[in-house]
Amino acid sequence: MSAENCDGTLSVPLRNVSNSIQCIRDRVRDGESNEREGAFNLSNFWDTLNQAVKTVSQEATKLSLAFSRPPLPSLQDGEKLSEFILKSVLTLSTVYYWLPKSQGVTLRRQVRDATVEVLDGVLQLVEVIISSPLQSLTQEQITSTGGVWSACDRFARLPKDNKEALLVVLSSQSGVIKDAIEEMKQILSEPEDPFKDCLINDPDDNSDHDCPPNNQCMSMSEKDWQVISACQGLMKAAAACLRKLTSAVKANGDAAEPQKVAQLDDLADISREISPSVDDLALCLYPPMNYTGVENHTSKLAALLRKFLDLIRSSHVCGEAELSWVQFLEGAVDHNVQKAKELIELDG
């Protein structure tokens, strides 16, 4: 909204809205839920939240259309548009705060992230309108409006309880680990050393002191190949843990009781630690291989997986049918970490 298109007064309510949305967004991102007395109706919460999201989308669309072509809205109309978009944002954030932690921290985190995404989208749209010239609908405004719609549409795909929220976490973590395993599989399937070509070492790459940069020039020894194979076995055990837990949660997961909801949260928390641990190990397997770093990271991953399996065993998702694979995977973890340790300690 350049100076020649507006006397400046119309930008005042929009700027005020922008400032208010920033404050609301920051509170949602960092604030706590409002734990209320009495029973909480999750179904009613979702009905109200979805209606609030729909209203935000509608008001954002009205705002964008009003500033998409001349003439500019009157000051009175601009104030009304600003008032309505702010009211819709306030309602959305208020409804979000209804969701108590007792329904699951994992669920609440995903609803919070989706709410913040909507608020960020509306904030960006208002900022674009303030800064854009009036002559035509800018591509940036079109993109920003579409961003609000996309963020609002995401709510229809959100998990509806903590059981579903845990499954979202498990799916995400499984995908990351699958990529790491595929990368190791590709290395092992190369007919020749995939690192035989020299690459320039980046002197600024000091992200992991245990493991050397992965782009130094050095060929791989037979021992390196065997260590990678053993580590890949440990990564596959990690993937199997997540895969089996996913099946157990689908079959036995219960988000109706506070104690069981808390167990689902604990499983989600430790699940998030697995893929970074797998990535740390994978980075150590590039030449020149630092065996000390590899041993450290295999030990850390194995310890994490044992803790993970213990947590599964003690949770409500583990019935008699699940105990056998928990025990089997404990053995697989121990076997692969011991195999890697023995190979690392071999001479040559």
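## Overall architecture

Read from the N terminus, the elements of the protein chain follow the order α-α-α-α-α-α-α-α-α-α. The model is a predicted one, and its protein chain contains ten helices and zero strands. Of the 348 residues in the protein chain, 48% are buried. Among contacts with a separation of 6 or more, 83% are between residues 24 or more positions apart.

Two helix pairs that share H3 are described here. Helix H1, residues 11–30, packs with H3 at an angle of about 5°, and their axes lie 9 Å apart. Angles under 35 degrees count as roughly parallel, and H1 and H3 are therefore roughly parallel to each other. On the H1 side, the residues that meet H3 are Pro13, Leu14, Val17, Ser20, Ile21, Ile24, Arg27 and Val28. Their counterparts in H3 are Glu79, Ser82, Ile85, Leu86, Val89, Leu90, Ser93, Tyr96 and Tyr97. Sorted by class, the contact of H1 with H3 comprises twelve nonpolar, three polar and two charged residues.

H3 also packs with helix H4, residues 105–131; the two axes come within 10 Å and cross at roughly 170°. Because angles over 145 degrees count as roughly antiparallel, H3 and H4 are roughly antiparallel to each other. From H3, the residues Ile85, Val89, Leu92, Tyr96 and Tyr97 take part in this contact. In H4 they meet Arg108, Val111, Arg112, Thr115, Val118, Leu119 and Val122. The contact of H3 with H4 divides into nine nonpolar residues, one polar residue and two charged residues.

## Cis peptide bonds

Where do the cis peptide bonds lie? Proline 71 is located in the loop between helix H2 (42–66) and helix H3 (75–98). Another cis peptide bond joins proline 287 to proline 288, and its omega is about -5°. The loop between helix H8 (258–284) and helix H9 (291–313) holds proline 288.

## Cysteines

How many disulfides does a search of the whole structure find? The search returns zero. A disulfide is a covalent bond between the sulfur atoms of two cysteines. Cysteine 152 has a relative accessibility of 8% and therefore counts as buried. Cysteine 318 likewise counts as buried, because its relative accessibility is 12%.

Glutamine 263 belongs to helix H8. With a relative accessible area of 18%, glutamine 263 is buried, since the cut-off for this class is under 20%. Leaving aside residues up to four places away in sequence, glutamine 263 touches Ser314, Ser315 and His316.

Serine 315 lies in the loop between H9 and helix H10 (320–345). The relative accessible area of serine 315 is 9%, so this residue is buried. Its contacts, again without residues up to four places away in sequence, are with Gln263 and Leu267. Serine 315 and glutamine 259 are 56 residues apart along the chain, and their C-alpha atoms are separated by 9.7 Å.

Lysine 54 is part of helix H2. Its relative accessibility is 48%, so lysine 54 counts as partly exposed. Alanine 156 sits in the loop between helix H5 (139–153) and helix H6 (162–189). At a relative accessible area of 64%, alanine 156 is exposed, because the cut-off for exposed residues is over 50%.

| Residue pair | Separation along the chain | C-alpha distance |
|---|---|---|
| Lysine 54 and phenylalanine 155 | 101 residues | 9.7 Å |
| Alanine 156 and asparagine 50 | 106 residues | 7.8 Å |
| Serine 315 and glutamine 259 | 56 residues | 9.7 Å |

Conventions: Residues numbered from 1 in each chain as written. Predicted model: local features only at pLDDT ≥ 70, side-chain atom pairs only at ≥ 80, totals over all residues. Heavy atoms only, no water. Helix = DSSP H or I, 4+ residues; strand = E, 2+ residues; numbered from the N terminus. Disulfide = S-S within 2.5 Å. Buried < 20%, exposed > 50% of the residue type's maximum accessible area, 1.4 Å probe, protein only. Contact = heavy atoms within 4.5 Å. Axes fitted to C-alpha atoms, helices over the stretch in contact; angles between N-to-C directions. Parallel < 35°, antiparallel > 145°, perpendicular 65-115°, else oblique. Nonpolar A, V, L, I, M, F, W, Y, C, P; charged D, E, K, R; others polar.
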